[in-house]
Amino acid sequence: MLGWAKPIQENKDEIRIAYSVESDHSCDGVLVWDKKTEEFRVDKMSATADAISTRRLAGLIGYHLDEGSFTPGLNCLMS
C-alpha cells in the first residue's frame, strides 16, 4: 500500500493530517492525532481509502510521528 500524508494543523492537543492512498495525491481525507491518548480518529475519510487502508496508513503515520520522521510537507509512506 502506498499512502500520502501531510500535517495541516497542529495545536497543543492534536495534529490534523490530510491523507490519501495509492496514486491519489489529493490528500482529501483528514486524520486527527490526539497527543494525550496517542490515538487517531477519522475526521473525513479519503475518497480513495476504505476503513482498512485508513487504519493501516494511520499506523504508518503514528510510527513516523514517534520516530520524529514525519515531515511538514507531503510524506510518501509505503507498507
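This report looks at paired strands and charged side chains in a predicted model.

## Ground rules

The model is predicted, with local features needing pLDDT of at least 70, side-chain atom pairs counting only at pLDDT 80 or more, and totals for chains, interfaces and linings using all residues. Residues are numbered from 1 along each chain as its sequence is written, and side-chain values use heavy atoms, leaving out hydrogens and water.

## How the strands pair up

Let's start with S1 (residues 2–10), which runs antiparallel to S2 (residues 14–21), with 7 bridges between them. Strands here are DSSP runs of E with at least two residues, numbered from the N terminus, and two of them pair if DSSP finds at least two bridges between them. A hairpin of 3 residues takes you from S1 to S2, and alanine 5 sits opposite tyrosine 19 in S2.

S1 also pairs with S5 (residues 75–78), again antiparallel, through 4 bridges. Here tryptophan 4 faces cysteine 76 in S5.

## Charges that meet

The whole structure has 5 salt bridges, each a side-chain nitrogen of Lys or Arg within 4 Å of a carboxyl oxygen of Asp or Glu. One of them joins aspartate 43 and arginine 16 (2.8 Å, N to O). Aspartate 43 is in strand S4 and arginine 16 in strand S2, so this pair ties together parts 27 residues apart in sequence.

So is arginine 16 buried or exposed? Arginine 16 is buried, at 19% relative accessible area, while aspartate 43 is partly exposed at 42%. Buried means under 20%, exposed over 50%, and partly exposed in between (1.4 Å probe, protein chains only).
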